[in-house]
Amino acid sequence: AELLGERGEHDAAIKLLRDALDKEPSPELTDKIRVRLGDCLLRKGDTKGALAQFEPIAANAKSAMTAQAKYRAGECHLHSGDAAQAVKQLAVFRDQGVFHNLPGLTDRALLRLGYALAQLKQWDASRQAYEQVANRFGNGPWVHEARYGIGWAYQNQSQYDNAVNAYNQIVNNVVTELAARAQMNIGLCRLAQKRYAEACTALLVVPFTYDYPHLSALALVEAARALSENKQPEKAIKLLERVLRDHPDSESAEAARKRLEELKKS
């Protein structure tokens, strides 16, 4: 069943796992099977069915699978859009010592807690959850996502210099889509500060450095806005025309077309 689940053959895995439960295994093995079954159901989009597997185990402090069940129950609530319930499941990884250092789990759970709190716009609490990931698991796989979350929390609190510092820790270490988004946000922070020349420079790094067309198009539109605000309409027009030429089917093309018309009329 585990091998089938890893291959994405969830229906076949679910059948085997249900058959295993019918054999009435030991309580410990039953919990393992139910967590795996819930995971398969979640991957199929059946969050209600998945929660039915996870929640009894999550509520049983004596189960060896409690932490796994709590994390996965939190994921279920995030998938269904209920961030408040997700926080209730995931907060134990922040608040209770027994959940603080579970290999391969605590850091991911704290990352998702930060995300859930951001969905609720609880920016300080979100940032603090992300900071735990970055500070305690700095060599782990989620450190850059955590730093992005820290930057995003600061950005939403208009603490732009702090946000830029967090984003710079990403762009200085990786060249991924996350880094491209961080670079974009550096430009947007400078734009919000009305530091238009810096904003334009930061935004133009995106199309010149990263190969993510949708982000490149958006960065060009925002760079054009910075140029326009900086009283350089001719340069802004050239960037907008480039969007229409190079990214005609992007979501940013309509915004570029509208802004281009406004600039040419003014």
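**Close-up views of a predicted model**

**View 1. His 77 sits in helix 5.** The structure shown is a predicted model. His 77 is buried, because its relative accessible area is 8%, and buried means under 20%. What does His 77 touch, once residues up to four places away in sequence are set aside? The partners are Leu 51, Glu 55, Asp 82, Gln 85, Ala 86 and Gln 89. Two of these names, Leu 51 and Glu 55, return in the next view, where they belong to helix 4.

**View 2. Helix 4 packs against helix 5.** Helix 4 covers residues 47-58, and helix 5 covers residues 66-79. Their axes lie 8 Å apart, at an angle of about 150 degrees. Helix 4 is therefore roughly antiparallel to helix 5, since angles over 145 degrees count that way. The crossing of helix 4 past helix 5 is left-handed. Which residues make the contact? Helix 4 supplies Thr 47, Ala 50, Leu 51, Phe 54, Glu 55, Ile 57 and Ala 58. Helix 5 supplies Thr 66, Ala 69, Lys 70, Arg 72, Ala 73, Cys 76, His 77 and His 79. Sorted by class, this contact of helix 4 with helix 5 has eight nonpolar, four polar and three charged residues. His 77, the residue of View 1, is among those on the helix 5 side.

**View 3. Helix 5 also packs with helix 8.** Helix 8 runs over residues 106-119. Here the angle is about 30 degrees, and the axes are 10 Å apart. Are helix 5 and helix 8 roughly parallel or roughly antiparallel? They are roughly parallel to each other, because the angle falls under 35 degrees. Helix 5 passes helix 8 in a left-handed crossing. From helix 5, the contact uses Tyr 71, Glu 75 and Leu 78. From helix 8, it uses Arg 108, Ala 109, Arg 112, Tyr 115 and Ala 116. By class, the contact of helix 5 with helix 8 has five nonpolar residues, no polar ones and three charged ones.

**View 4. Tyr 148 and Tyr 167 form an aromatic pair.** The structure holds two aromatic pairs, and this view shows the one made by Tyr 148 and Tyr 167. Their rings are 5.5 Å apart, centre to centre. The planes are 55 degrees apart, and the pair is tilted. Where do the two residues lie? Tyr 148 is in helix 10 (residues 143-156), and Tyr 167 is in helix 11 (residues 160-171). The pair therefore ties together parts that are 19 residues apart in sequence. Tyr 148 counts as buried, at 19% relative accessibility. Tyr 167 is buried too, with a relative accessible area of 0%.

**View 5. Ile 33 lies in helix 3.** Is Ile 33 buried or exposed? At 9% relative accessibility, Ile 33 counts as buried. Apart from neighbours within four places in sequence, Ile 33 is in contact with Leu 17, Ala 20, Leu 21 and Pro 25. Now look for Gln 53. Ile 33 and Gln 53 are 20 residues apart in sequence. In space, their C-alpha atoms are 9.3 Å apart.

**View 6. Arg 195 is in the loop between helix 12 and helix 13.** Helix 12 spans 177-192, and helix 13 spans 196-209. Arg 195 counts as partly exposed, at 30% relative accessibility. Arg 195 touches Asp 161 and Arg 190, leaving out residues up to four places away in sequence. How many residues separate Arg 195 and Asn 230 in sequence? They are 35 residues apart, yet 8.9 Å apart in space, C-alpha to C-alpha.

**View 7. Glu 24 has a positive phi near 55 degrees.** Glu 24 is a residue other than glycine. Its place is the loop between helix 2 (10-22) and helix 3 (27-43). Glu 24 is exposed, with a relative accessible area of 69%.

**View 8. Lys 231 has a positive phi of about 65 degrees.** Lys 231 is not a glycine either. Where is Lys 231 placed? Find it in the loop between helix 14 (213-229) and helix 15 (233-246). At 72% relative accessibility, Lys 231 counts as exposed.

Methods. Residues numbered from 1 in each chain as written. Predicted model: local features only at pLDDT ≥ 70, side-chain atom pairs only at ≥ 80, totals over all residues. Heavy atoms only, no water. Axes fitted to C-alpha atoms, helices over the stretch in contact; angles between N-to-C directions. Helix = DSSP H or I, 4+ residues; strand = E, 2+ residues; numbered from the N terminus. Parallel < 35°, antiparallel > 145°, perpendicular 65-115°, else oblique. Left-handed = near helix turned anticlockwise from the far one by under 90°. Contact = heavy atoms within 4.5 Å. Nonpolar A, V, L, I, M, F, W, Y, C, P; charged D, E, K, R; others polar. Phe/Tyr/Trp six-rings, centres within 6.5 Å; stacked < 30°, edge-to-face > 60°. Buried < 20%, exposed > 50% of the residue type's maximum accessible area, 1.4 Å probe, protein only.
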